[in-house]
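Please keep the model open while reading.

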Amino acid sequence: MITSNSNQLIKSIRKLADKKYRALSGLALIEGTKLVLDAIDQQAVIEKLLISGSFERSNKGFFVLSKIAERQIEPTLVSDQVFKSITSKENPQGIAAVVRQTWLDFETFRNQFSGLWVALWEIADPGNLGSIMRTVDAVNTKGIILVDNCTDPYDPGAIRASMGAIFSNKLVKCGLPEFIEWVETNKITVIGTSDAANTYYRDVIYPEDMVLVMGSERQGMPGALLKACKRVVSIPMNGISDSLNIAVATAIILYEVFDQKRKVKQT
């Protein structure tokens with residue numbers, strides 16, 4: 001059992017709270033029974049599995065450890081005090097894992113593009129990104145393209161909000177110029193959103209292969225990205241609020257696309 005907060009492994013795990021260290025190491029920390037089991041079920045690469053002494057002795061710990069043993073993953077036992085030093089939760093469950101980040105290379109994505117993808121330009125809030133990952137998984141969308149300076153999908157807040165969908169989503173990173181170049185060169189159908197658009201989002205027939213583009217929470221979409229869109233749609237609002245949460249707006253349109261595909265399959 002590791003009992004010292006100064007242990008080198010523990011110190012390196014604590015660094016994963018920092019976005020720069022996550023980017024340099026290619027690792028991320030996940031916490032909680034559900035997330036750890038989701039990671040295992042989705043074949044995520046688990047570098048280290050940590051359990052606290054109290055978790056090991058609990059009934060839930062006995063069940064979880066039996067499943068982990070089936071997958072031949074060796075846990076590292078740490079004291080409750082040490083576990084609290086690595087967690088961001090007030091009442092940690094006592095189980096966490098260091099996982100390898102999974103990204104799809106942009107060139108590979110370009111050559112294999114098909115189906116429905118969501119592109120997010122400079123999304124800033126980890127919770128919003130996590131919620132979008134959850135919706136993307138729910139409607140069987142292919143994945144998410146993070147354009148320019150986006151929040152980290154492996155941020156603890158994004159991982160928690162994704163409810164395990166971080167492990168089923170395909171994630172791509174690129175800059176705005178290369179995204180637009182790819183769209184224009186390959187004549188990709190891009191449908192954007194704007195509160196100033198005249199087209200109601202349900203009046204559009206969404207194609208099988210397309211990219212739904214959503215702008216940042218504060219700025220919406222830049223002019224260059226709007227210009228790359230084949231269509232720009234809006235979600236009507238009648239109240240005093242001037243905008244919808246980006247995760248909510250994304251979900252509304254994705255479920256419209258999902259419903260259209262469902263109706264086609266039924267005919």
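A polar contact is here a pair of N or O atoms within 3.5 Å; within protein, one must be able to donate a hydrogen and the other to accept it, and residues adjacent in sequence count only if both atoms are side-chain atoms. By that criterion, a polar atom of the side chain of Thr-250 lies 2.7 Å from the backbone oxygen of Ile-246. This is a predicted model, in which local features need pLDDT of at least 70 and side-chain atom pairs count only at pLDDT 80 or more, whereas totals for chains, interfaces and linings use all residues. Residues are numbered from 1 along each chain as its sequence is written, and side-chain values use heavy atoms, with hydrogens and water left out.

Helices (H or I, at least four residues) and strands (E, at least two) are DSSP runs, numbered from the N terminus; Thr-250 belongs to helix α12, residues 246–266. With buried meaning under 20% relative accessible area, exposed over 50% and partly exposed in between (1.4 Å probe, protein chains only), Thr-250 is buried at a relative accessible area of 1%. Contact means heavy atoms within 4.5 Å, and, leaving aside neighbours within four places in sequence, Thr-250 is in contact with Val-118, Ile-132 and Met-214.

For the chain as a whole, the secondary structure comes to 12 helices and 11 strands, and buried residues make up 49% of the 267 residues. Among contacts with a separation of 6 or more, 80% are between residues 24 or more positions apart.

Two strands are said to pair if DSSP finds at least two bridges between them.

| Strand pair | Sense | Bridges | Residues standing opposite |
|---|---|---|---|
| β6 (143–147) and β7 (170–174) | parallel | five | Ile-144 and Leu-171 |
| β8 (190–193) and β10 (210–214) | parallel | three | Gly-192 and Val-213 |
| β8 (190–193) and β11 (231–234) | parallel | three | Gly-192 and Val-232 |

Between β6 and β7 the chain crosses through helix α9 (residues 156–162), and this β-α-β crossover is right-handed, a term that applies if, with the strands pointing away from the viewer, the path from the first strand over the helix to the second runs clockwise. Strand β8 is covered on both faces, with Val-190 and Gly-192 buried on one side and Ile-191 and Thr-193 buried on the other. By contrast, Lys-187, in the loop between α10 (176–186) and β8, counts as exposed at 72% relative accessibility.

Helix α3 (residues 33–41) is largely enclosed by the rest of the structure, because seven of its nine residues are buried. Those buried residues, including Leu-35 and Asp-38, pack against β1, β2 (46–52), α4 (53–57), α5 (59–70), β4 (95–100) and α9. Gln-43, which follows α3, has a positive phi, near 65 degrees.

A cavity is, on a 1 Å grid over the protein atoms alone, a set of points where a 1.4 Å probe fits but cannot get out, and lining residues have an atom within 4 Å of a point. Grid points are joined across faces, edges and corners, and a volume is the space filled by probe spheres set on the points. A search of the whole structure finds one cavity of 30 Å³ or more, and about 50 Å³ of space lies in the largest cavity. Its lining includes Leu-29, Leu-35, Ser-88 and Ile-159, and the elements giving two or more residues to that lining are β1 (27–31) and α9.

Note on methods:
On a 1 Å grid over the protein atoms alone, a cavity is a set of points where a 1.4 Å probe fits but cannot get out, and a pocket is an open set with protein on both sides within 12 Å along at least five of seven lines; lining residues have an atom within 4 Å of a point.
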